[in-house]
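Please take a slow look at the model shown here, following the chain with your eye before reading on. The paragraphs below then lead you from a sheet to a cavity and on to the salt bridges.

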Amino acid sequence: MTSPSRQLGRRLAIALSVSTLALGAAACSQDEPDSTPVSQESEATDPQAGESTSPSEPATETTTEPADSTEPEDTVTVPLYFVGETPQGPKLFREFRAVPSDNPLAEATALVTAGDTLDPDYRTLWPQVEISDVQATDGVLLVQIAGDGFTERPDGMSKRDARLAIQQLVYTLQGVQQERVPVQFDRPDTSARLFGLSTESPYANAPALEVSSMVNITSPEQGSAVDGDTLAANGVASSFEATVPWEIRQDGTVVLEGFATAEGWMEKLYPWETDIDVSALAPGDYTFVALTSDPSDGEGGGPHEDTKDFTLN
């Protein structure tokens with residue numbers, strides 16, 4: 001891919017289980033997802049607990065970078081967080097991307113703020129904010145914002161969206177840095193506000209179940225080509241009894257379905273993976289869909305889902 005600088009660029013009783021899901025849905029439907037300043041939270045929590053954000057994360061965590069990803073020697077693969085729709089409103093979804101290794105924080109920021117997504121279902125909540133520099137310094141990730149624009153929310157941005165926009169960049173920068181450190185927004189010579197929110201204190205990441213989709217596909221990647229008789233699929237989820245249903249669709253019709261089992265299902269997102277026999281499918285264009293299991297039969301708004309288009313050769 002062309003860098004932005006070059007473009008511009010995872011079993012309780014049923015009653016308890018349903019109750020837990022209801023609580024999770026309630027948390028996910030909060031009007032204002034928390035963009036918790038560090039002054040109100042002693043330390044940043046794991047952005048997506050139970051799975052790593054890059055190939056060189058600590059060995060105690062599970063790497064879920066796309067298995068077939070390759071990158072030139074002068075690039076590094078990093079997680080970027082964008083926004084997509086769920087039954088509880090906009091939430092964060094993750095894409096892995098290769099960026100130049102000389103300044104991955106700035107390169108990742110440019111992709112996020114520009115809304116440079118692979119998946120057309122994703123978008124950014126950032127308007128055209130000029131970010132002049134991003135660096136790790138003095139125990140924080142420092143984001144330098146040039147000019148005095150967007151001290152208040154622009155037209156059409158709700159307070160909820162403003163908080164989620166902050167989390168979009170917080171999650172991305174912590175993922176790139178491979179460290180849960182606070183993010184400080186700095187605006188020299190102007191009001192210490194961004195989108196109407198105070199930037200006097202650094203921001204920690206909010207708990208994943210508050211701001212993230214309950215299911216996210218890492219592989220297959222959007223627009224990828226699949227050779228052979230096996231589709232290797234993986235991602236993260238928080239789904240009832242750790243069951244992650246999946247479907248392969250063609251022209252809107254389900255042609256293959258099954259489920260994967262995640263490593264857990266409560267309190268955080270857990271890795272899931274499965275190998276799917278696609279030998280009975282003809283070559284062509286398909287969509288892989290991962291969902292959350294929904295014991296309420298839609299009463300809670302329906303399952304979360306993520307989709308990726310791919311070509312079977």
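Two strands are said to pair if DSSP finds at least two bridges between them, and strands themselves are DSSP runs of E with at least two residues, while helices are runs of H or I with at least four residues, numbered from the N terminus. What you see is a predicted model, in which local features need pLDDT of at least 70 and side-chain atom pairs count only at pLDDT 80 or more, while totals for chains, interfaces and linings use all residues. Residues are numbered from 1 along each chain as its sequence is written, and side-chain values use heavy atoms, with hydrogens and water left out.

With these terms in hand, we can turn to the sheet. In general, the strands of a sheet pair through backbone hydrogen bonds, either parallel or antiparallel. Here three strands form an open sheet in the order 8-10-13, and the pairing is antiparallel. Strand 8 and strand 13 (270-277) are the edge strands, since each of them pairs on one side only. From one strand to the next the twist averages 30°, where axes are lines fitted to C-alpha atoms (for helices over the stretch in contact) and angles run from 0 to 180 degrees between N-to-C directions. Strand 10 (residues 230-237) pairs with strand 13 in the antiparallel sense over eight bridges, and within this sheet A233 stands opposite T274 in strand 13.

Rolling a probe the size of a water molecule over the atoms shows where empty space is left. A cavity is defined on a 1 Å grid over the protein atoms alone, as a set of points where a 1.4 Å probe fits but cannot get out, and its lining residues have an atom within 4 Å of a point. About 100 Å³ of space lies in the largest cavity, a volume being the space filled by probe spheres set on the points, which are joined across faces, edges and corners. Ten residues line the largest cavity, and of these R94, E95, F96, T218 and E221 lie nearest its centre. By class the lining has four nonpolar, two polar and four charged residues, where Ala, Val, Leu, Ile, Met, Phe, Trp, Tyr, Cys and Pro count as nonpolar, Asp, Glu, Lys and Arg as charged, and the others, Gly among them, as polar.

How many salt bridges are there? A salt bridge is a side-chain nitrogen of Lys or Arg within 4 Å of a carboxyl oxygen of Asp or Glu, and by this rule the count comes to seven. In one of them D119 meets K308, with the closest N and O atoms 2.9 Å apart. Because D119 lies in the loop between helix 3 (104-114) and strand 3 (131-137) and K308 in strand 15 (residues 305-312), the pair ties together parts that are 189 residues apart in sequence. Buried means under 20% relative accessible area, exposed over 50%, and partly exposed in between (1.4 Å probe, protein chains only); D119 is buried at 1% relative accessibility, and K308 is buried at 3%.

The side chains of E152 and R193 meet in another salt bridge (3.2 Å, N to O). E152 is partly exposed, with a relative accessible area of 43%, and R193 is partly exposed at 29%. Finally, E95, R97 and D116 are linked in a network of salt bridges, and E95 takes us back to the cavity, as one of the residues nearest its centre.

Definitions and conventions:
On a 1 Å grid over the protein atoms alone, a cavity is a set of points where a 1.4 Å probe fits but cannot get out, and a pocket is an open set with protein on both sides within 12 Å along at least five of seven lines; lining residues have an atom within 4 Å of a point.
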